[in-house]
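Here is a short briefing on a pocket and on some backbone angles. Look at the sequence and the structure before reading on.

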Amino acid sequence: MYKGKEPIKGLKNTSIIDFWQWTYSDILINKNREDLSLFLIAKALELTDMPRIEWQGCELRYRKKKIAVKTSGYIQSWKQTKPKRVLYDITPKKGIDAKRKDSMTFRNREAELYIFALATEKDVKKIDILNLDQWRFYIVRTAVLDDEFETKKKIGLRALNKLATPVHHSRIKEQIDILIDLELTERMVL
């Protein structure tokens with residue numbers, strides 16, 4: 001894992017932190033906001049001691065559970081006349097991402113849990129993407145998504161609010177632990 005001071009060989013007075021600053025300075029850009037929310041969730045789950053693994057079939061793994069992270073917000077980097085509509089991609093995947101790798105038609109959602117991160121501020125003059133009070137996180141079991149939205153590709157806030165109560169960053173780990181423990185208890189009862 002790089003610390004930031006490592007030089008980029010061949011570029012005078014340039015280190016990896018220069019790259020990070022150049023690449024990630026605008027955190028309101030969708031991809032950068034997604035990376036930030038993933039980091040925030042990984043931090044809440046105490047998963048940041050090791051570098052992120054980009055291609056592992058899901059964004060995070062916690063207590064042997066695969067977690068998908070989806071991110072949205074009302075404000076973008078570019079000029080807007082009104083806050084954007086919040087939608088999250090929940091498309092079941094097929095082929096290489098399916099549970100049965102020999103099938104190109106079988107569709108599923110690979111993760112066992114979904115965390116939907118929302119940057120909540122709607123006023124561009126007030127947004128502070130680094131303020132955890134301006135974020136909310138919805139935690140939903142994949143089984144619930146499969147039951148309620150089996151073939152749907154997108155989910156909006158109205159539907160999401162029917163499935164989960166948003167939580168502050170400080171409660172992510174607690175809520176996930178509750179869901180995992182509840183699932184373990186349910187399995188023992190069956």
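Ala, Val, Leu, Ile, Met, Phe, Trp, Tyr, Cys and Pro count as nonpolar, Asp, Glu, Lys and Arg as charged, and the others, Gly among them, as polar. By this scheme, the lining of the largest pocket divides into 17 nonpolar, four polar and seven charged residues. The model is predicted: local features need pLDDT of at least 70, side-chain atom pairs count only at pLDDT 80 or more, and totals for chains, interfaces and linings use all residues. Residues are numbered from 1 along each chain as its sequence is written, and side-chain values use heavy atoms, with hydrogens and water left out.

**The largest pocket**

- A pocket is an open set of points on a 1 Å grid over the protein atoms alone, where a 1.4 Å probe fits, with protein on both sides within 12 Å along at least five of seven lines; lining residues have an atom within 4 Å of a point.
- The lining of the largest pocket has 28 residues, and Tyr-24, Asp-35, Phe-39, Pro-51 and Arg-52 lie nearest the centre.
- Two or more lining residues come from each of α1 (16-24), α2 (30-44) and β1 (60-62); helices (H or I, at least four residues) and strands (E, at least two) are DSSP runs, numbered from the N terminus.
- The largest share, seven residues, comes from α2.

**Positive phi angles**

- Most residues other than glycine have a negative phi.
- Asn-13, in the segment before α1, has a positive phi of about 55 degrees.
- Asn-13 is exposed, with a relative accessible area of 72% (buried is under 20%, exposed over 50%, partly exposed in between; 1.4 Å probe, protein chains only).
- Arg-63, in the loop between β1 and β2 (65-73), has a positive phi near 50 degrees.
- Arg-63 is partly exposed, at 36% relative accessible area.
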